Amino acid sequence: MIPPFSHLIRLTRAGFVLAREGVFALVDPTPLPGAAQLGLKLARLLERPTAATGAGRLSAALGRLGSSYVKLGQFLATRPDVVGIAIATDLESLQDRMPPFPQDQAEAAIERALGRPLHVAFASFGPPIAAASVAQVHRAEIVTDTGRKQVAVKVLRPGIEQNLRADIQAFFFAARMAERFSAEARRLRLTEVVATLARSVTVEMDLRLEAAAASEMADNVKDDDDFRVPTVEWDLTAHNVLTTEWIDGTPLSDRGALERRGLDLPKLGRSVIQSFLRHAVRDGFFHADMHPGNLFVDDAGRLVAVDFGIMGRLNEKERRFLAEILYGFISRNYRRTAEVHFEAGYVPPYHSVEAFMQAIRAIGEPIHNRSAEDISMAKLLTLLFEVTGLFDMRTRPELLLLQKTMVVVEGVGRMLDPKLDMWRTAEPVMRAWIERNLGPAGRVEGAVEGAGEVGRFLGGVPELLAHGARIAAQLDRATRDGIVLAPETVAGIGEAEARRGHGTTIALWVIALLLFLHLWR
């Protein structure tokens with residue numbers, strides 16, 4: 001356990017860097033208490049002259065603070081409920097680019113991880129082609145039964161795990177302090193926010209988990225015609241090394257190259273959105289970092305996703321909630337949309353369904369009263385988070401991650417087709433899921449599953465009855481022969497009774513004295 005003093009040192013350094021870069025100028029002091037406003041004014045005295053905008057200041061500060069803070073910034077970009085829409089939008093532009101670490105260090109780390117010389121594992125191994133705060137990627141070749149195959153090799157930075165672990169502990173310390181003194185921090189569940197970040201970083205620190213995420217998604221989409229995932233080379237993957245198929249596709253960030261290939265960009269935009277919704281609603285497992293740099297189009301015209309370090313997962317209840325909420329907005333069924341919030345337990349029962357329905361209508365109607373290209377998802381999210389606070393809804397990190405990813409995905413779709421209608425594109429996916437899972441076929445399947453659960457319970461009843469009979473027999477023997485207590489147990493009971501008797505005697509004397517004084521007066 002790292003002592004709190006070290007947390008304070010780390011957080012103080014971070015505060016100094018943030019102050020020097022002028023980040024505190026982005027904070028609105030109006031809602032803060034007097035002491036906090038004074039602290040904010042003192043912090044701003046440390047600002048250095050800069051021409052950078054708000055986004056530039058924050059990005060520069062987080063980059064100076066190192067890998068943990070870059071990851072924190074990227075994560076907070078998915079949590080506008082915590083930092084606000086404006087800052088979250090600015091953080092989306094935060095680039096996770098760092099200078100590469102030396103080639104010999106990368107090669108030594110790979111040899112230790114794989115337990116064999118580099119020339120044995122790879123037919124060729126090139127210099128880094130991309131470097132981020134946590135890892136860097138090399139292009140290499142392996143020998144297979146069909147000849148040479150190009151692969152991408154991702155290797156963690158040396159010493160990154162220890163630094164990240166220490167910084168995460170400091171974040172936990174700061175979140176606990178904030179929740180102790182702030183009701184708003186408790187509503188936002190800041191410790192849970194940090195815990196979500198810690199889980200995400202844990203996946204990124206063990207590349208076998210990222211490989212498993214890629215493998216799971218590959219299984220989920222194996223029958224999809226428009227989306228695929230690179231295959232994992234498990235023999236060349238370890239704790240700090242991940243080897244996957246090399247993707248020779250066109251990145252979605254290069255619109256010019258997509259146009260030169262003659263691709264149908266509006267269709268591609270719809271495919272991005274519908275693929276994401278299928279992953280979230282059908283599979284309950286989605287890529288939560290679907291920015292254009294992580295998406296490619298292969299020679300067959302299929303979307304290919306890379307970098308599975310940040311993933312989202314939804315259970316059956318949350319998927320049903322999501323499908324009904326989205327379909328409720330699409331179909332303008334605001335009552336059902338409101339009822340789903342209450343059924344899921346997201347809105348406390350002491351609130352009115354009708355009042356919440358009215359708030360939902362205020363969010364949904366602007367969508368239908370504007371043309372598709374004029375709809376602002378950022379404004380929609382702003383309204384949604386205002387309703388969240390108004391109706392005492394506790395923060396749902398998994399849903400917020402999904403909502404934020406939806407905004408990013410819509411941005412990718414709009415980049416490919418500026419007139420894309422997010423809701424019309426989403427409608428067939430949502431309707432198909434609802435018909436499959438909430439329609440007659442879904443009810444029959446649910447009844448069959450329910451019958452199976454009942455059957456499993458009934459199958460276990462004899463064992464439960466036998467267990468109950470054994471307990472009853474033990475109790476019968478104990479009461480028939482008398483309960484035998486160990487000498488030390490008897491002594492303990494005697495001491496306890498003596499203490500209780502002593503306390504009772506004192507209490508009686510106090511009562512008698514009070515009565516005497518009352519009568520004497």
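# Briefing on a predicted single-chain model

Within the chain, residues 24 or more positions apart account for 67% of the contacts with a separation of 6 or more, a contact being heavy atoms within 4.5 Å. This is a predicted model, in which local features need pLDDT of at least 70 and side-chain atom pairs count only at pLDDT 80 or more, while totals for chains, interfaces and linings use all residues. Residues are numbered from 1 along each chain as its sequence is written, and side-chain values use heavy atoms, with hydrogens and water left out.

**Overall composition**

- The chain has 22 helices and 10 strands; helices (H or I, at least four residues) and strands (E, at least two) are DSSP runs, numbered from the N terminus.
- Of the 521 residues, 42% count as buried; buried means under 20% relative accessible area, exposed over 50%, and partly exposed in between, with a 1.4 Å probe and protein chains only.
- The accessible surface of the chain comes to about 27900 Å², and 59% of that area belongs to carbon and sulfur atoms; accessible areas come from the Shrake-Rupley method with a 1.4 Å probe, and for residues only the protein chains shown count as cover.

- Four strands form an open sheet in the order β4-β9-β8-β6, with mixed pairing; two strands pair if DSSP finds at least two bridges between them.
- The edges are taken by β4 (227-228) and β6 (250-251), each of which has a single partner strand, so one side of each is left without a neighbour in the sheet.
- Strand β8 (residues 295-297) pairs with β6 in the antiparallel sense over two bridges, and phenylalanine 296 in β8 is the bridge partner of proline 251.
- Helix α14 packs on this sheet, touching β4, β8 and β9 (303-305), and its direction makes about 50 degrees with that of β9; axes are lines fitted to C-alpha atoms, for helices over the stretch in contact, and angles run from 0 to 180 degrees between N-to-C directions.
- Arginine 278 is found in α14 (residues 265-283) and is buried, with a relative accessible area of 19%.
- Not counting residues up to four places away in sequence, arginine 278 touches Asp224, Asp226, Asp283 and Val429.

**Salt bridges**

- A search of the whole structure finds 29 salt bridges, where a salt bridge is a side-chain nitrogen of Lys or Arg within 4 Å of a carboxyl oxygen of Asp or Glu.
- Glutamate 410 forms a salt bridge with arginine 414, the closest N and O atoms being 2.9 Å apart.
- Both glutamate 410 and arginine 414 lie in helix α19 (residues 397-416), four residues apart, about one turn of the helix; glutamate 410 is buried at 5% relative accessibility, and arginine 414 is buried at 17%.
- Salt bridges that share partners also join Arg320, Glu324, Arg335, Arg336, Glu339, Glu343 and Glu354 into one network.
- The side chains of aspartate 248 and arginine 139 meet in a salt bridge with an N to O distance of 3.8 Å.
- Aspartate 248 lies in the loop between β5 (241-245) and β6, and arginine 139 in strand β2 (residues 135-144), so this pair ties together parts that are 109 residues apart in sequence.
- In this pair, aspartate 248 counts as exposed at 55% relative accessibility, whereas arginine 139 counts as partly exposed at 33%.
- Glutamate 47 and arginine 44 meet through their side chains in a salt bridge (2.6 Å, N to O); glutamate 47 is partly exposed, with a relative accessible area of 23%, and arginine 44 is partly exposed at 40%.

**Positive phi angles**

- Aspartate 307, although not a glycine, has a positive phi of about 65 degrees.
- Aspartate 307 lies in the loop between β9 and β10 (311-313) and counts as partly exposed at 31% relative accessibility.
- Arginine 332 likewise has a positive phi of about 65 degrees and is not a glycine.
- The loop between α15 (316-331) and α16 (334-343) holds arginine 332, which is partly exposed, with a relative accessible area of 43%.

**Nonpolar surface patch**

- Phe5, Leu8 and Ile9 make a nonpolar surface patch of about 320 Å².
- Patches are made of residues with over 30% relative accessible area and no salt bridge; like charges are joined within 9 Å, and nonpolar side chains (Val, Leu, Ile, Met, Phe, Trp, Tyr) within 5 Å.
- Isoleucine 9 is found in helix α1 (residues 4-20) and counts as partly exposed at 47% relative accessibility.
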